[in-house]
Structure formats: C-alpha cells, structure tokens
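Thanks for taking a look at this one with me. Here are a few friendly notes on its charged side chains, to read alongside the model.

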Amino acid sequence: MKTGIVYLIGAGPGDPSLISVKGLECIRKADVLIYDYLVSADLLREAREGTEVIYVGKKGSVHTLEQEEINQLLVDKAREGRTIVRLKGGDPFVFGRGGEEALFLKQNDVPFEIVPGITAAVAAPAYAGIPVTHRDYTATLGLVTGHEDPTKEVSNINWEKISTGIGTLTFYMGIKNLPKIVENLIKYGRPKDTPVAVIRWGTTPEQQTVVGTLKDIVEKTKDLMPPAITIVGEVVKLREQLNWFESKPLFGKIIAITRSRDQASEFAEQLQERGAKVIEFPTIKTVPPDYLEPMDKAIN
Ligand code: SAH
C-alpha cells in the first residue's frame, strides 16, 4: 500500500479564525486528525464526518502519549495510506516539537508537509495591543523557553547575552518559572523598571493581560495560571494606546443564546465581533404552523 502523507499544521494561538487557509483546507480533507491541548475545539468541527480524531495533548505534566508514541502513531497511521493532519497550537516549529516529529517521519520515509501557524508570542501581544517590534523601541525580538529546569546546572539560555542584547524578549511556558526569569534578567543588567506584560489565553474571549515592570510583575501575576506568554521590553508601553481587543464593548462577557439554532449563528457572530464569548444553547424551536409535529401540537 502507498504510504499516506502527514501535514504538520499550526492551528494558531487560540482564536480559531487565525488558522491559515491551507491549514483549514488540510483539516477538511484529513482522514485522521491528531491534535494537542491548546487547539481550539472549533477547528476539530471542521473535519469531515468519518475523520478519526485523536487527542494526544499534554497539560502541564499530564501526558496522554509520550512524544515517542506520538511520533510512532503518525508513522503507523500514514502507513495505512491515509491523509494525516497533525494539529498543534501556534506554529508547529516554535516550541511545538514539530521538528522532532518531522525528523522521525523523514527517518521512516513518510512524506510530510509543514503548514506554519501564528505563534503565541506574536499573536497574544498583538491582541493585547503590543507590537513586538517598533522602530522607536527595538530592532530585535527573542523567543525564549521559560520551561527550562531552573535547577539545571548549565542553562541553554545565555542570560548574560540575551538580558541586554535583545530588545523585546518573549517567554513561552514561563509562568511557573517567572520569578527565576525575572531574577536572571535583573542579575544580568536589564533595568528593573523595564515594562513587562503577561498575557493569558491570548486571542480568545478569556484573554487576560497583566502589565507591570520587572520589579513587580511576579507579585502581580502570582495567581495567574498557564497558558500565558510573557513579553519584556519597552514596546509593552504601546498597549496604553493600542489596546483594541480588550476594549471591545462586550469583551469579558459570556452570553448564552437560547434562540433556535438557525437563528442563532448570525446573532452569535454579531456578539462575537463585539468581543463576547458566546455559548449556543437552543431552547426554542421555531417552525411554521403546518410543520408542527403531533407532540408539538399537543403542547400548543
Ligand atoms: N507552538 C506554540 C507554543 C507551544 S508551547 C506556538 O507557536 O505558540 C505552549 C506555550 O505557548 C504556553 O505555555 C504559553 O506560553 C504559549 N501559549 C500558547 N497559546 C497561548 C495563548 N493563547 N495565550 C498565551 N500564551 C499561549
């Protein structure tokens, strides 16, 4: 049998409409859809009926499958001659272990394609009104893992160089280690009054942004849970003027729509455009009188 193909796709950061056109087309033609924790459920609904949908995510330290098992699953499914979509949050090659999966596919002669996605360190700040670069503030941008074990004797991160050598620094998976990150940045010369923003669930209606400085951000975010991205640099100040998303009139509101499903979508769209999180909960069914079923007639 001819081996199938694996598409390693970036789903984007949270808002399902931020996936690429190519990514969406691949989901719609997938035979098997293998997805991670941070992928929006709305995107899974785009798969056609009959698609085999498999969750392999990890949340914190809870893994459904180990990485080696995921790699093997991709190869096994492809060898059944099927079209596989491997859907990951953000971009598959940015702290997404997509590189490891692609290498394993290559080693096993399984054809693959990469479909980039919008990564959290760019998208979440954009939705928080923070341009990660701006000519007046910085010419450099760094994407850094915040997940490195702080007790590790030799860090892979050259704190001495990045602390002052890069204008805007972004940290993925850094909430737990934030005290250590801040300590290192200050120790290696970043001024304590450098602005910092921490954005949780960026680009979704649950987005939450905390702004402070290296001095006080740890205290200000002590109750904040993952997933969140941390942005360090002068560009954070621009949020004061550019905070467009969280300023929408219905941002932060959760609205349940009880209208019948056929009426609900347009209404839902309008509410979403104004920033609300919408839950469709049809409690009313509207039908022309001629179509009333016996049961409905009895009730009426
Ligand atoms: N491949 C992904 C990153 C995976 S690592 C990408 O390119 O975005 C997971 C980390 O990404 C989280 O711990 C968090 O730091 C960040 N992240 C992912 N989605 C996020 C979101 N909607 N808001 C804030 N941070 C997010």
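**Notes on the salt bridges**

1. Lys 88 and Asp 36 are both buried, where buried means under 20% relative accessible area, exposed over 50%, and partly exposed in between (1.4 Å probe, protein chains only). This is a predicted model, in which local features need pLDDT of at least 70, side-chain atom pairs count only at pLDDT 80 or more, and totals for chains, interfaces and linings use all residues. Residues are numbered from 1 along each chain as its sequence is written, and side-chain values use heavy atoms, with hydrogens and water left out.

2. Lys 88 and Asp 36 form a salt bridge, with 3.9 Å between the closest N and O atoms. Because Lys 88 lies in strand β6 and Asp 36 in the loop between β2 and α2, the pair ties together parts 52 residues apart in sequence. A salt bridge here is a side-chain nitrogen of Lys or Arg within 4 Å of a carboxyl oxygen of Asp or Glu. Helices (H or I, at least four residues) and strands (E, at least two) are DSSP runs, numbered from the N terminus.

3. Asp 36 also pairs with Arg 86, at 3.0 Å between the closest N and O atoms. These two are 50 residues apart, with Arg 86 in strand β6 (residues 83–88). Arg 86 is buried, at 1% relative accessibility, and Asp 36 has a relative accessible area of 17%.

4. Elsewhere, Glu 46 and Arg 28 meet in a salt bridge (2.9 Å, N to O). Glu 46 sits in the loop between α2 (41–44) and β3 (52–55), and Arg 28 in helix α1 (residues 21–29). Glu 46 is partly exposed at 30%, as is Arg 28 at 43%.
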